[in-house]
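This report describes one protein chain, moving from its surface to its fold and then to a single position. The sequence and structure are shown below.

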Amino acid sequence: MHQFMKVSFKEALQLIERAVAESEKIHKHIAVAVCGPEGELIAFVRMDGAAAAASVIAQNKAYTCGRDRKSTREMGEFMLTKNRPPAFWGDSGITGFGGGLPIVQHGVVIGGIGVSGLSEEDDETIASAAIQFVYG
């Protein structure tokens, strides 16, 4: 039997709670999603006042990081420098918007977190703070 590590649902909830707390510090509204390394959604929330479009974008950011094991910022840079649009992968969930980070434990990607609703830099800062809070 093949076993793999992944974000637990309790950790996913903690990640979301911390991301929401970070956005509340700056009085902003976000959507945040957490998935496992296979890209399957574990937890998601869209705060009151966050744009509806942020929902899909946050989920796509988490999915991209889990599946491709790199940040969405890195993916976007790759897409631009190699002229490879998301359709290149044949996967409509892949995105290059910054704000998604892989969740790494013991050198293994165990999932992804995607934050959407602010600037790409702010989304990424919040995602990073959530990971740091939960996993140290």
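This is a predicted model: local features need pLDDT of at least 70, side-chain atom pairs count only at pLDDT 80 or more; totals for chains, interfaces and linings use all residues.

Of the 136 residues of the protein chain, 43% count as buried.

## Fold and dimensions

The protein chain contains 4 helices and 4 strands. Read from the N terminus on, its elements follow the order α-β-β-α-α-β-β-α.

The radius of gyration of the protein chain is 14 Å; because a compact globule of 136 residues would have a value near 14 Å, the two agree. Taken along the principal axes, the box filled by the C-alpha atoms is roughly 35 × 35 × 20 Å. Among contacts between residues at least 6 apart in sequence, 63% join residues at least 24 apart.

## Position A52

A52 lies in the loop between β2 (41-46) and α2 (53-68). Is A52 buried or exposed? The relative accessible area of A52 is 54%. The cut-off for an exposed residue is over 50%, and A52 is therefore exposed.

A52 can also be placed relative to A31, which is 21 residues away along the chain. The C-alpha atoms of A52 and A31 are separated by 8.6 Å.

Notes:
Residues are numbered from 1 along each chain as its sequence is written. Side-chain values use heavy atoms; hydrogens and water are left out. Helices (H or I, at least four residues) and strands (E, at least two) are DSSP runs, numbered from the N terminus. The radius of gyration is taken over C-alpha atoms; the globule rule is 2.2 Å times the number of residues to the power 0.38. Buried means under 20% relative accessible area, exposed over 50%, partly exposed in between (1.4 Å probe, protein chains only). Contact means heavy atoms within 4.5 Å.
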